[in-house]
Amino acid sequence: MSPKTLIEVNDLNFSYGTRAILKGIDMSMSRGQVIAIMGGSGSGKTTLLRLISGTLRPTSGHVRFAGEVVHELDRDALFSLRRKMGMLFQFGALFTDLSVFDNVAFQMREHTALPESMIRDLVLMKLHAVGLRGAQHLMPAELSGGMARRVALARSIALDPMLIMYDEPFTGLDPISLTVIGNLIRRLTDVLGMTSIVVTHDVQESLKIVDYVYFIADGVIAAEGTPQQVRDSVAPFVHQFVHGEEDGPVPFHYPAPTYQQDLDLDPKGMPVV
Amino acid sequence: MFKRIVSGIRSIGHRVIESIWRLGLASRFFMLVLLKSGTSFRRFGLVVRELYYSGVLSLIIIVVSGLFVGMVLGLQGYETLQKYGSESAVGTLVALSLVRELGPVVAALLFASRAGSAITAEIGLMKATEQLEAMALMAVDPIARIVAPRFWAGVISMPLLAAIFSVMGIYGGHLVTVIFIGVDEGSYWSQMQSAVDFRFDILNGFIKSCFFGVAVTAIAVFEGYNAPPTAEGVSGATTRTVVTSSLVILGLDFILTAFMFRGVS
Amino acid sequence: MQRTALDFWVGLFVLIGIAATMILSMKVGNLNVYNTSQNYVLTGHFENIGGLKVRAPVKSAGVVVGRVTDIQFSTQTYDAVVTMSLDSRFPFPKDTFASILTAGLLGEQYIGLAAGGDEAMLKDGDKLMKTNSAMVLEELIGRFLFDKASQSD
């Protein structure tokens with residue numbers, strides 16, 4: 001494990017009951033990188049994030065974060081580990097009973113004994129970084145989807161974490177907000193020197209900003225590489241995914257009996273009456 | 001036929017096992033809330049905030065219902081007692097009914113539907129919108145930060161609300177019988193005072209409402225925290241809070257009454 | 001810490017709640033009669049206590065001076081032993097007369113104390129020597145009929 005490596009995922013398996021979600025995942029992520037994890041819906045991407053944050057325990061294998069095996073930590077150690085992580089949820093998950101300012105200040109007030117004047121300065125700095133200093137007094141219900149996600153981003157960088165995980169940050173955004181969020185992810189990663197993991201199925205937007213891509217399909221890593229390698233890839237799955245083709249290794253049809261059988265057609269194509 | 005009986009028995013068994021499982025889960029959750037209550041007392045501001053939602057906002061419904069219940073008690077009591085010529089005992093009747101039974105029970109039922117359902121819906125929605133998970137990932141325990149303050153605020157509000165309900169009821173009875181009907185004011189209060197005992201009536205009523213407060217808020221936070229994270233899940237949990245806590249209040253009331261007033265008076 | 005409007009309302013709520021509890025204890029429950037000061041205990045033997053119950057008031061000249069704390073049946077004298085707790089602000093002479101009375105026709109029963117003229121006062125644990133039993137309706141009617149019958153003879 002090189003000193004630059006922040007997260008190491010080793011032969012990670014996870015299953016809900018008998019249903020295997022992840023089957024032998026190996027990954028390595030360095031400090032300062034933006035890594036995309038891509039895959040179709042339901043391919044276990046979000047499960048992977050939960051395993052990294054220690055919300056779920058792996059069936060076998062392990063995740064190592066900054067040298068510590070996540071699922072072997074006790075509760076206190078896990079909580080202090082989580083202070084080094086931030087997570088951006090799909091729809092922001094802002095605390096609806098707190099204002100924008102209080103949302104960003106939440107972790108500072110919970111985990112530090114900073115005086116209120118310093119918290120105010122820090123919060124305004126974080127909000128300025130996402131361009132929403134002027135929205136500090138609004139309630140989450142008054143924000144648009146893109147703004148809510150930017151506030152959530154400001155909230156997740158409140159304690160300057162080493163890692164931020166983004167769960168589908170691009171879903172349901174207009175093209176402008178999309179670019180704004182994408183650029184923010186890149187810029188904050190570079191400025192704060194942290195690592196970002198972006199779970200997404202928005203190929204075009206994420207290829208613009210990431211350093212490395214993992215494709216997950218059926219619980220295994222189907223392909224990986226830099227954005228350029230991915231664009232040029234001739235592997236059928238990657239090609240289908242990147243170019244958004246309807247049919248390919250990921251079939252259009254859910255497995256079913258033949259169409260003829262379901263419609264009670266005889267082999268010659270005439271309906272059986 | 002035989003198959004249907006078997007499947008019927010099986011489904012009953014399944015439901016019984018399901019509810020035992022749920023009861024166990026609820027007990028474990030309750031212990032967890034108690035264990036993680038330290039934060040609530042170290043940062044009492046959190047509880048004060050919730051006191052506003054569970055206590056202050058329930059005040060109007062408690063005051064109005066208390067007044068009306070007391071007025072009805074006064075009216076009905078007067079009608080009945082008048083037949084025996086002892087209408088001066090109406091104060092006793094109003095006060096004893098309120099302090100012993102109606103105050104704690106009706107206030108708790110109103111509290112369950114006003115504050116209990118709100119607690120369930122709020123926690124359930126926070127869960128559905130991933131706010132609880134987000135909080136856990138920020139290394140803040142949602143049981144300590146969200147659930148426990150609401151629980152303690154409910155436990156503190158309930159006896160106060162029950163006392164307010166009883167007092168409003170007694171003044172409501174006073175309004176109807178003394179001011180409208182014309183029962184002697186002195187005998188209204190004095191008969192009440194000689195009949196109502198501090199330890200047996202008022203203290204026991206207070207203890208009852210404490211029990212109800214614990215039961216209602218424990219059910220409300222449990223249902224909210226374990227609500228399926230969907231719209232139907234949250235609405236179902238809210239309904240279950242009101243139904244379950246109403247049944248628990250009435251059942252608990254019987255048990256507590258049997259313990260407290262057995263062999264006395 | 002900032003003061004907010006919310007704190008004010010919560011404070012008001014708690015204040016009203018405590019006030020309600022105080023009203024219940026003082027005005028309704030009459031807490032000040034026998035819990036605030038010291039008490040002394042007296043016992044009395046009654047042939048018949050009628051419907052007297054524990055916690056019934058003990059009155060003198062209509063003023064509540066204490067309460068019945070215990071009622072037992074004595075197997076030595078075959079009568080009722082009533083224990084009552086009196087406020088020590090109200091001492092009574094040794095020859096005080098205790099009778100079981102009824103408030104109104106159907107009202108509750110209480111113990112009425114009529115002070116005598118003795119110089120010595122009753123002390124804690126003393127026994128009231130002069131007692132008068134409860135009026136039992138059947139006995140009253142019986143006595144009345146008996147009197148009538150003896151008059152007409």
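Predicted model: local features only at pLDDT ≥ 70, side-chain atom pairs only at ≥ 80, totals over all residues.
Let me begin with how the chains meet. Two pairs of chains are in contact, and of these it is chains B and C that share the most contacts. Chain A and chain C, by comparison, do not touch, and their nearest C-alpha atoms lie 9 Å apart.

Interfaces are often described by area, since the size of an interface is often given as the accessible area lost when the parts come together. Between chain C and chain B, the buried area is about 2,700 Å², and carbon and sulfur atoms give 75% of that figure. On the side of chain C, Phe13(C), Val28(C) and Arg55(C) together supply 28% of the area that this chain buries against chain B, which is more than any other three residues. The contact itself draws on 27 residues from chain C and 34 residues from chain B.

Chain C is divided into two parts, with domain 1 covering 1-33 and domain 2 covering 37-143. The centres of domain 1 and domain 2 of chain C, taken over C-alpha atoms, are separated by 38 Å.

Turning now to chain B, we find 10 helices and zero strands, and the C-alpha trace of this chain spans about 65 × 60 × 35 Å along its principal axes.

In chain B, helix H7 (residues 142-181) packs with helix H9 (residues 198-225) at an angle of about 150 degrees, and their axes are 8 Å apart. Because angles over 145 degrees count as roughly antiparallel, that is how H7(B) runs relative to H9(B). Their crossing is right-handed. Among the residues that make the contact are Phe151(B), Gly154(B) and Met158(B) of H7(B), together with Phe206(B), Gly213(B) and Tyr225(B) of H9(B). Sorted by class, the contact of H7(B) with H9(B) has 15 nonpolar, four polar and one charged residues.

A second pair in chain B is helix H5 (residues 90-128) and helix H10 (residues 231-260), whose axes come within 9 Å and cross at roughly 155 degrees. H5(B) and H10(B) are therefore roughly antiparallel to each other, and their crossing is right-handed. The residues that meet include Glu101(B), Ala108(B) and Gly116(B) in H5(B), with Ala237(B), Ser245(B) and Asp253(B) among those in H10(B). Here the residues of the contact divide into 11 nonpolar, 10 polar and two charged.

Finally, back to the pair in chain A with which I opened. Helix H3 (residues 100-111) and helix H5 (residues 145-156) of chain A have axes that come within 8 Å and cross at roughly 25 degrees. That angle makes H3(A) roughly parallel to H5(A). Where they meet, H3(A) contributes Val100(A), Asn103(A), Val104(A) and Gln107(A), while H5(A) contributes Val151(A), Ala154(A) and Arg155(A). By class, the residues of this contact of H3(A) with H5(A) are four nonpolar, two polar and one charged.

How values were computed. Residues numbered from 1 in each chain as written. Chains lettered and ligands numbered in written order. Heavy atoms only, no water. Axes fitted to C-alpha atoms, helices over the stretch in contact; angles between N-to-C directions. Helix = DSSP H or I, 4+ residues; strand = E, 2+ residues; numbered from the N terminus. Parallel < 35°, antiparallel > 145°, perpendicular 65-115°, else oblique. Left-handed = near helix turned anticlockwise from the far one by under 90°. Contact = heavy atoms within 4.5 Å. Nonpolar A, V, L, I, M, F, W, Y, C, P; charged D, E, K, R; others polar. Domains from an automatic or database assignment. Buried area = accessible area lost by both parts, 1.4 Å probe.
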